[in-house]
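Colleague: Could you walk me through this one before I set anything up? I would like to go through the charged pairs and then the backbone.

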Amino acid sequence: MAGRDRVVHLLRRLEAAACRCPAHSNTFHHGAVAATCTVRKTDYAFEMASSNIRYGEGVSREIGMDLQNLGAWNVCLMTDRNLARLPPVTAVLESLAKNGVRYKVYDNVRVEPTDTSFKDAISFVKNDSFDAFVAVGGGSVIDTCKAANLYACHPNADFLDFVNAPIGKGKPITRALKPLIAVPTTAGTGSETTGVAIFDFEPLKAKNRSGVWIYSDLTETWNIKQDEYVALNEATLPGYSYIHQPRLR
């Protein structure tokens, strides 16, 4: 175990080499070191991208109207086999039918998606010409729908093109994606507000707390300076999130 004097010496060395940026300025520095501290004059800013959120009782019944206003004529609705029989999906399908929006349902989403399940969903959407997507479900459904939308808009891309390095190539997204409306049916996933799609990469058994993400760097495309993670959020996140509030009895 390190002695007290050694620990104190190490802490003083760290203090002397402390970062001089505004977040770690010399406000709390004391002694001789304070006299040599210089604060950089760089401006710092923080930007967070998120989808539009509509919250209220019965808002999922407005999806058909909104898709009609967007000019969507062929919609892909993604969910899982359990939810496909439940009221949240029923309400959305009734709204689509009422507003004359044509749709197809993909209900083969896997809970805790893998690269195999993602590829199955991608294959489904590539066999049609969808101009909008609706995801009704939890994080697995929404993430799968994001990935399907991304690769449908990049039909010639390899699956690993948009997967984070070092597992994937982390290539930039070069085309605009289709509108995606997310209807979260679980609390806490947050997938309806981000552009990251998480899955387990089976060939490498990449199973951990955060799995593997699909992401990309869009700074060249947008000609702005921002983090790769945030860039993908703004490109692939759902355009709208509808949080259905059930009637309290």
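**Charged pairs and backbone**

Modeller: Lys104 and Asp128 form a salt bridge, in which the closest N and O atoms are 2.6 Å apart; a salt bridge here is a side-chain nitrogen of Lys or Arg within 4 Å of a carboxyl oxygen of Asp or Glu. Lys104 lies in strand β3 and Asp128 in the loop between α5 and β4 (132-137), so the pair ties together parts that are 24 residues apart in sequence. Helices (H or I, at least four residues) and strands (E, at least two) are DSSP runs, numbered from the N terminus.

Colleague: What kind of model is it, and how are residues numbered?

Modeller: This is a predicted model, in which local features need pLDDT of at least 70 and side-chain atom pairs count only at pLDDT 80 or more, while totals for chains, interfaces and linings use all residues. Residues are numbered from 1 along each chain as its sequence is written, and side-chain values use heavy atoms, with hydrogens and water left out.

Colleague: How many salt bridges does the structure hold?

Modeller: There are six salt bridges in the structure. One of them joins the side chains of Glu62 and Arg54, at 2.6 Å from N to O, and a network of salt bridges links Arg54, Glu62 and Asp66. Glu62 is partly exposed at a relative accessible area of 30%, as is Arg54 at 28%.

Colleague: Which residue does Lys169 pair with?

Modeller: Lys169 meets Asp161 in a salt bridge, side chain to side chain, at 3.3 Å from N to O. Asp161 counts as buried, with 7% relative accessibility.

Colleague: Switching to the backbone, where is the cis peptide bond?

Modeller: The cis bond joins Ala165 and Pro166, with omega about 5°, and Pro166 is placed in the loop between α6 (139-152) and β5 (180-184). As background, most peptide bonds are trans, and most residues other than glycine have a negative phi.

Colleague: And which residue other than glycine has a positive phi?

Modeller: Glu112 has a phi near 60°, which is positive. Glu112 belongs to the loop between β3 (102-106) and α5 (115-126) and is partly exposed, at 46% relative accessibility.

How values were computed: Buried < 20%, exposed > 50% of the residue type's maximum accessible area, 1.4 Å probe, protein only.
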